[in-house]
Amino acid sequence: MGPAVRHTHSHSHGTLVHTHEHVHPADQLHDDAAAHDHDHHDPPHDHDHSHDHHHDHGDAGHGHSHGLVDRSIVRSREGVKAVALSFGVLAATALAQVAIFAASGSVALLADLIHNFGDALTAIPLGIAFLLRSYRGEKLAGLAVVLAIFVSACVAGYEAIQRLLHPEHLSHLWVLAAAGVIGFAGNEIAAQVRLRAGRRLNSPALIADGKHARADGYVSLSVIASAALVAVGLPRADPLIGLAITLVILKITWDSWRIISTTEPGEPTHQH
């Protein structure tokens, strides 16, 4: 075996470079794999890998970063945003109905208008709970929403029974139909905003409030159906439709109660 040949190699770790030596026989080619049977870290050396802790797991994994905004703060912001957006939609819907009421003076429309304003206000305690990042407050707000849905069902049922026992002549049918279209559109948009955010944030209260808005949308649909049927000479259809809608809202009340009572508010789930 010939004399040994000493080689010096340098390689980098990120932005750091270090050098080490290795020895192999002179008659062994430098590119021979056997010549490089050594440990780059023998003797061990200590160096600082100072780099940002950002990494990506590719298409099948996930990316995450340390030191960014706390997840509970992100959830709080998204919850407040969803509540504020849906509240704005419902407020705009109620204002549009105010304009129609001013033009028609319909008492029936006034009742629906007051109802919609009251329902929009149920979003306020839920928004406060998100702002304070209070899970207990969020759950209590959800229970308040369930109560509001139940009250809506009771009011709708009472009015339907009253109209069944004491039929009233409906006037301004086109006005009622127009208000119903506006009410349904506004409530359905608000429902979509709340339901999507509620599922994304794992918020039972926000989901229940979305179902609440959807229930109000069904009430608006009943106004449209009643106006159409009364217009073709079926006045009894109005209270019957009201009773059917009452049953639908009671079902929504029960579903919302089950969500609130069996699910705790928490962080949004992430699938890896």
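**Entry 1: the model.** I kept in mind that this is a predicted model.

**Entry 2: helix α7.** I started with α7, which runs over residues 237–262 and has 26 residues. From its first C-alpha to its last it reaches 38 Å, close to the 38 Å expected at 1.5 Å a residue. Next I asked which residues of α7 are buried. My list came out as A237, D238, P239, I241, G242, I245, T246, I249, I252, T253, S256 and I260. What do the buried residues of α7 pack against? They pack against α4 (135–165) and α6 (204–231). I jotted down a general point here: an α-helix has 3.6 residues a turn, so residues three or four places apart point the same way.

**Entry 3: H212.** Is H212 buried or exposed? Its relative accessibility is 1%, and the cut-off for buried is under 20%, so H212 counts as buried. Then I looked up what it touches, leaving aside neighbours within four places in sequence. H212 is in contact with D119, T122, V145, A148, I149 and S152. I went back to the range of α4, 135–165, and V145 is one of the contacts of H212.

**Entry 4: F87.** I found F87 in helix α1, which covers residues 71–104. F87 has a relative accessible area of 30%, so I put it down as partly exposed. Which residues does F87 touch, not counting those up to four places away in sequence? I got A120 and L121. I also checked F87 against A120: they are 33 residues apart in sequence, yet 5.8 Å apart in space, C-alpha to C-alpha.

**Entry 5: two loop residues.** My last stop was backbone angles. R133 has a phi near 55°, which is a positive value in a residue other than glycine. Where is R133? I found it in the loop between α3 (123–132) and α4. Its relative accessible area is 46%, so R133 goes down as partly exposed.

N202 also has a phi near 55°, again a positive value in a residue other than glycine. I located N202 in the loop between α5 (173–201) and α6. With 27% relative accessibility, N202 counts as partly exposed.

Notes: Residues numbered from 1 in each chain as written. Predicted model: local features only at pLDDT ≥ 70, side-chain atom pairs only at ≥ 80, totals over all residues. Heavy atoms only, no water. Helix = DSSP H or I, 4+ residues; strand = E, 2+ residues; numbered from the N terminus. Expected span 1.5 Å × (residues − 1). Buried < 20%, exposed > 50% of the residue type's maximum accessible area, 1.4 Å probe, protein only. Contact = heavy atoms within 4.5 Å.
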